[in-house]
Amino acid sequence: MATIEKLFPSAEQRFSLRHVYDNMKLKHKGDELREAVWCCGKVYNIPKFNRGMEKLKKLNPEAHEWLSKIPAKHWARSHFSGKYHTLFTNIFHN
């Protein structure tokens, strides 16, 4: 990551929300939890993101803590800058 930042200082690094959740579910599972995480990642504004994170915290405090360690600017649409707010989820499967 440091090399990318050095070569492309204005580029944003974003993570696939699908992969973030896949890593999370190794320790924290459940349909309701999955919905809460996706809700947080998909909303366009920060107040809705914050409400979603509070819901997640009430639902599973450990999962909330785990997810909070990843800066939202890397995985949550509400925290993306610029005009590219698309969430990619490996749409080019063979």
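Before the first entry, I noted how a helix axis is defined: a line fitted to C-alpha atoms over the stretch in contact, with angles running from 0 to 180 degrees between N-to-C directions. I also reminded myself that this is a predicted model.

**Entry 1: H2 and H5**

I looked up helix H2 (residues 17-24) and helix H5 (residues 61-68), and found that they pack at about 135° with axes 11 Å apart. I therefore call H2 and H5 oblique to each other, and I noted that their crossing is right-handed. From H2, the contact uses Val20, Asn23 and Met24, while H5 brings Ala63, Trp66 and Leu67. Sorting the residues of this H2 and H5 contact, I got five nonpolar, one polar and no charged.

**Entry 2: H4 and H5**

Next I turned to helix H4 (residues 46-59), whose axis comes within 5 Å of that of H5, crossing at roughly 135°. H4 and H5 are therefore oblique to each other. Here I saw Met53, Leu56, Lys57 and Leu59 of H4 meeting Pro61, His64, Leu67 and Ser68 of H5. This contact of H4 with H5 sorts into five nonpolar, two polar and one charged.

**Entry 3: the largest pocket**

How much space lies in the largest pocket? I wrote down about 190 Å³. I found twelve residues lining the largest pocket, and those nearest its centre are Ala11, Glu12, Gln13, Lys73 and His74. By class, I listed five nonpolar, four polar and three charged residues in the lining of this pocket.

Note on methods:
Residues are numbered from 1 along each chain as its sequence is written. This is a predicted model: local features need pLDDT of at least 70, side-chain atom pairs count only at pLDDT 80 or more; totals for chains, interfaces and linings use all residues. Side-chain values use heavy atoms; hydrogens and water are left out. Helices (H or I, at least four residues) and strands (E, at least two) are DSSP runs, numbered from the N terminus. Angles under 35 degrees count as roughly parallel, over 145 as roughly antiparallel, 65 to 115 as roughly perpendicular and the rest as oblique. A crossing is left-handed if the near helix is turned anticlockwise from the far one by less than a right angle, and right-handed if clockwise. Contact means heavy atoms within 4.5 Å. Ala, Val, Leu, Ile, Met, Phe, Trp, Tyr, Cys and Pro count as nonpolar, Asp, Glu, Lys and Arg as charged, and the others, Gly among them, as polar. On a 1 Å grid over the protein atoms alone, a cavity is a set of points where a 1.4 Å probe fits but cannot get out, and a pocket is an open set with protein on both sides within 12 Å along at least five of seven lines; lining residues have an atom within 4 Å of a point. Grid points are joined across faces, edges and corners, and a volume is the space filled by probe spheres set on the points.
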